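Hello,

Here is the structure I said I would pass on. Please open it next to this email and follow along.

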Amino acid sequence: MQCTTALSNEVKPLVNTLNHSFQSLSLALSIHAFSLCLLSVCSSSCNEEMFSMGRIILLFHLTCFAFLGELSTSWAEDGLLNPSQLEMFVDELPHMPKIQGFHAVNGSPKAKSLTIGMFKKKWKFHRDLPPTPVFAYGASRRTATVPGPTIEVLHGIDTYVTWQNQLPSKHILPWDPTIPTAIPATKKGVPTVVHLHGGIHEPASDGNSNSWFTAGFKEKGPTWSKRTYHYNNNQQPGNLWYHDHAMGLTRVNLLAGLIGAYVIRHPDVEGPLKLPYGDEFDRPLIVFDRSFRIDGSIYMNSTGNNPSIHPQWQPEYFGDAIVVNGKAWPKMKVRRRKYRFRIINASNARFFRFFFTNGLEFIHVASDATYLEEPVMTNETLLAPSEIADVVVDFSKSKTDHAILANGAPYPYPSGDQVDESNGKVMKFIIKKKREVDTWGVPNKLIKYPSPDLSNVSQTRYIAMYEYTSDVDEPTHLYINGKPYEAPATETPKEGTSEIWNVINLTKDNHPMHIHLGLFTVLDQTELVNEEEFKGCMSKKNEAIKCKISKYAHGKKIEVAAHEKGWKNVYKMKPGYVTKILVRFSYIHSNTSYSFDPTGIPGYVYHCHILDHEDNAMMRPIKVIK
C-alpha cells in the first residue's frame, strides 16, 4: 500500500541508523520489532484512515527517544563508557621502550641478565579517558608500560630474565575460583608466570601455568622451580611475545596489561634482505580490545553466563575500544615509503580481519615467529588471538593522504556480531604528501626452511575439541580430547621427530590452537559431513578411529592461504573441519639437536589461545620423551 511504502521510506533509515548504533544491544531488536509493528498498523489502517502519516512518524520518534533514554541509563548503571564519547585518532602511536637482551663487549655480543618487574600503576589509554589502573611490565614502576618493553635479542646469544612479581594482594579485575585456578594458600597476592610465546627453550623456563608465584616469591605453584628464566635464543629469527600464563588467570592478567613483544634478530641472515629497519621504519603493533568505565578503569563483566555454575567466567571477552601499543585508535605520521609492521593480536578472544580503507596492500614477509620463503601480497589478513603477521606496507602506493587500518571480523568468530563504528576501526596513518627515494626493498626470496617431510612422520594423532553446555545451552567449559588439563599427558612426542595431528573441531567457534615448543605447517582443512552423527559418536566413545573418522572427513577442502603456508605456532581451527598439521619437535633452521633437554619437568602444553577457553580448561600437557 502507498501508506506502508511511505512509512517504510521514512522509518527504515532511522531503524538502520539506530541498529548500527545499538549493534551489540538487544535494543536494536526491540526497535526493529517496533518498526515492523508500526508498518503492520499502518497497513491495516490505511483504508480506514485511522492514522495520519505525521502522527505515526511522531510516535516512532518519541519511541526512539525513549530507547535512547534507556540506553543512556544502561551505560550509566554499569558505569560503562560509551566508546562514541572518545574521539578517534587523537593520540600518537607510542614507541614502546626497548630493552636489549645482550651486552656488547669489545664489539662482540655477550649474554645478559635482565630484571623485569610487574607493577600496578596507572596508564593513559586515550587523551580524554582518566588514567586506568593496570598491571604493567617494566624495569621499574616508573618505566613500566602497557604493552611492556620490547625485548630485542640476538640469535645464539643467551638472555636471562628474572621476572619479579611486585603486584598488590588483590586483583584489579574479577576472577572466578570455580574454574581451575592458581589460588595462593593465604588467599593473598596475584599469581603470575611469564610464557615467551613462540620460544624454543627448556621446560623450566616455558612459563608453565602451575609454575606461578606471588609478590616476592612468597607463594609458588606446584611446578615452580626457578626465579630466573633462561632463553638461549638458538631458534630461527622472528617475532615472539611474552605474556602471563597463570592457571585460570591468564585472561584477567592479560586484560590487566601483562603483555609485551620479543624479537630475535639474526643480522647475518636478515641484513641481506634489505627490509625496512630502524626505530622509524620497523614497528611492532600490539593490538587488543578493551572496554572502559567512565572513571577510566577496565570493564569486565563480573557475572558469568552460568552464574550458578561459574559466578564470573564468560566464554569470550570483547571490548568496545581497539588499542594499539597502549593507545585507543591511535594515529601515526608516515612518509611515502615502505614500513615494516610486526602485528601481534594480543586480544583475549577477538579475531581481526585487517584491511586498509584506501586499498593499500600487505606484503607478508613472515608469519608468527618464522620468515616465509617468499613475500605474499594480500588485500586483507585475518589474525586470530596470539597470531602474528609480519608485513611491509608501501605508503608510496597510496592515492590518498591518509589510510585507516580497519577491522571486518565478526565476534565471536566466525558467526557472531558484525563490527560497528568503534571496533571496526583500528588506527589511522597520516601520509606525507612529499614523495622521496625509498632505500628499503622487499626481495623476491626471503628465507627458505625445510618443507614438511611426510615420509619422516613418527606418529599420527587425533585431537578433538569439545564444548560443554548447561541446561540453558550456555557454555560451562571446554576440553581437548575430552580430558581436563590435570589428566596424564597423552601427547608424548619423541625429541627430534615429526608428527601428524588431525585437529577435529566439534564446536561452533574457530579455535586458534597454540603449541608450545613445536613448530608446525598446516597441510589442509577438510569439512566433516554428517557432523552431528559423528559428534554423537565422539561424545560417547571419544575416539576418532572407533567413530570411523574417515567416513566423515571427506567434505570440501580449504586450501591454506599462501602467507600461512610456512612454519607456525598458532593456527585457526575451523569449526566443523579437520585441520591436518605436521608438527616438528626440532629446530627448523638446522639439523642440530635442541641446545637444552626438552624432556625435563614440568614439560610443555598446547591449548586454545582464546584465553577464556584456555582458562576453562581447553589446555593439555605435552611430555617430550627421548
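Below is what was found in it, from the whole chain down to single residues.

This is a predicted model, so local features need pLDDT of at least 70, side-chain atom pairs count only at pLDDT 80 or more, and totals for chains, interfaces and linings use all residues. Residues are numbered from 1 along each chain as its sequence is written, and side-chain values use heavy atoms, with hydrogens and water left out.

**Overall**

The protein chain has eight helices and 33 strands. Both are DSSP runs, numbered from the N terminus: helices are H or I with at least four residues, strands are E with at least two. Of the 626 residues, 58% count as buried. Buried means under 20% relative accessible area, exposed means over 50%, and partly exposed is in between (1.4 Å probe, protein chains only). Take the contacts with a separation of 6 or more: 78% of them come from residues 24 or more positions apart. A contact means heavy atoms within 4.5 Å.

Six strands form an open sheet in the order 25-24-26-31-28-29, with mixed pairing. Two strands pair if DSSP finds at least two bridges between them. Strand 25 (475–480) and strand 29 (557–558) are the edges, each pairing on one side only.

Strand 25 is largely enclosed by the rest of the structure, because five of its six residues are buried. Strand 25 runs antiparallel to strand 24, and five bridges join the two. T469 stands opposite P475 in strand 25. The hairpin of these two strands has five residues between them, and D473 takes a positive phi near 65° there.

Strand 28 (residues 519–527) and strand 31 (residues 577–584) are also antiparallel, over eight bridges. F520 faces V583 of strand 31 across that pairing.

Which residues of helix 6 are buried? In this helix (residues 531–541) they are E531, F534, K535, C537 and M538. They lie on the same side of helix 6, because they cover an arc of only 160° around the axis. That arc is taken from the directions from the helix axis to the C-beta atoms. The face turned away from the buried side carries the exposed residues E532, S539 and K540. The buried residues pack against strand 24 (457–469), strand 26 (498–505) and helix 7 (549–552). Just after helix 6, N542 has a positive phi of about 55°.

A search of the whole structure finds one disulfide. The cut-off is a pair of cysteine sulfur atoms within 2.5 Å. C537 and C547 form it, with their sulfur atoms 2.1 Å apart. C537 is in helix 6 and C547 is in the loop between helix 6 and helix 7, ten residues apart. The link is left-handed, with -90° about the S-S bond. C537 counts as buried at 18% relative accessibility, and C547 counts as buried at 3%.

**Aromatic rings and charges**

The whole structure has 26 aromatic pairs. Rings of Phe, Tyr and Trp (its six-membered ring) pair if their centres lie within 6.5 Å; planes under 30 degrees apart count as stacked, over 60 as edge-to-face and the rest as tilted. F352 and F354 are a stacked pair, 5.0 Å centre to centre with 10° between the planes. F352 is buried at 0% relative accessible area, and F354 is buried at 0% too. Ring pairs also link F281, Y339, F341, F356, F362, F395, F429 and W440 into a cluster.

Two charges sit over rings. The charged end of K220 is over W224, 5.1 Å from the ring centre. The charged end of R350 is over Y411, 4.4 Å from the ring centre. The test is NZ of Lys or CZ of Arg within 6 Å of the ring centre and within 35 degrees of the ring normal.

**Backbone points to check by eye**

Most residues other than glycine have a negative phi, and most peptide bonds are trans. V146 and P147 are joined by a cis peptide bond, with omega about -5°. P147 is in the loop between strand 4 (132–138) and strand 5 (150–154). The bond from I601 to P602 is cis as well, with omega near 5°.

N233 is not a glycine, yet has a positive phi of about 55°. N233 is in the loop between strand 8 (228–231) and strand 9 (238–244), and is buried at 3% relative accessible area.

Best wishes
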